[in-house]
Amino acid sequence: MMRRTLTDAPLLDAAWGRSPSRPPVWFMRQAGRSLPEYRKVREGIDMLDSCFMSELLAEITLQPVRRHDVDAAILFSDIVVPLKAAGVGVDIVPGRGPVMDHPVRTRADIDNLPILDHDVEQVQQGIAHILEELTDSQALIGFVGAPFTLASYLIEGGPSKNHERTKALMHAEPETWHALMRRIVPTVQAFLHTQVEAGIDAMQLFDSWAGYLNEADYREFVLPYSQEILAGVEGIIPRIHFGVGTGELLPAMAEAGPEVVGVDYRVSMDAAAARVHAAHGAHSLQGNLDPALLFAGDDAVRAAVRRIRDEVKNAQAAGHATGHIWNLGHGVLPTTEADAITRAVAIIHEEG
């Protein structure tokens, strides 16, 4: 694959610690339920099926770029797509999320867990369609779920409020836990390889449930495997690492090796930068507008953007941060008005 050479892509410049031509912004879940055009093209099509339809996943990925003037597209996918591609029985149940046909809870279950050992051609074809439309200033971000979050879905059998089965296995049978993580990592690596070979410009490792762990457990049971995945694309593309409710884990997540550390809306950007810098030096940061503010009107968004901008400037002045990518402190909420997203992007480009 001849990778695109993007000489004026604000997101890539910010990720590498260079000065972007304008404040780069993209939103997690920008491609999805908030857009009427998304609901139209996906009508009658199962969520996971749409992730394997090259022209449809390209169309969905590009919709927010056309509408909102964001600086990057995020590949339309789901955390469990590589499991599905490997042959794991999983479905996304509306209103609930990913649900496994058979939970993975014993060593025999782990030994029988399929491993993805090939490129996913439909995804690669979709990426080719996306790159044909993106300009030289618009990056394409690839997407993979972190091994801990995938392990939690596999063990719990679906979404969980407390992750009690996951934590129980982790602590009661640590060798079984590590065997599961070692089984998952090659599948994540293969799916990331699919995207890198197809030409993505950056990637995000998304650990949805890591915030349910304390730092000691994260370091022992999770960090080595996230490190392994991020190390596989070191020096090739910039790497973003994000989790929800991970304010206390930011130093450890930075240790995993990304160029960019994602910050949720619970932690100020200057505090996050200080935590990361104290442990592992200055990084670029991503975040962290509260997604609920998109319901509060333009004045509230503008005030928050100015506050976050000043926090980042303070962090950069202190030598704690090298760059900043604007994003929400989690994903776009499904009932968000599409026009509110467009206006928020414009405000960020103006004020950020």
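Guide: Asp310 is partly exposed, with 35% relative accessibility, whereas Arg309 is buried at 18%. Buried means under 20% relative accessible area, exposed over 50%, and partly exposed in between (1.4 Å probe, protein chains only). The model is predicted: local features need pLDDT of at least 70, side-chain atom pairs count only at pLDDT 80 or more, and totals for chains, interfaces and linings use all residues. Residues are numbered from 1 along each chain as its sequence is written, and side-chain values use heavy atoms, with hydrogens and water left out.

Visitor: Which side chain does Asp310 meet in a salt bridge?

Guide: A salt bridge is a side-chain nitrogen of Lys or Arg within 4 Å of a carboxyl oxygen of Asp or Glu. Here Asp310 meets Arg309, at 3.2 Å from N to O. Salt bridges with shared partners join Arg302, Arg306, Arg309, Asp310, Glu350 and Glu351 into one network.

Visitor: How many salt bridges does the whole structure have?

Guide: A search finds 21. One of them pairs Asp298 with Arg343 (2.9 Å, N to O). This pair links distant parts of the chain, 45 residues apart: Asp298 lies in helix H15 (residues 298-317) and Arg343 in helix H16 (residues 338-351). Helices here are DSSP runs (H or I, at least four residues), numbered from the N terminus. Asp298 is partly exposed at 30% relative accessibility, and Arg343 is partly exposed at 35%.

Visitor: What is the relative accessible area of Arg66?

Guide: Arg66 has 41% and is partly exposed. Arg66 forms a salt bridge with Glu59, their closest N and O atoms being 3.0 Å apart.

Conventions:
Helix = DSSP H or I, 4+ residues; strand = E, 2+ residues; numbered from the N terminus.
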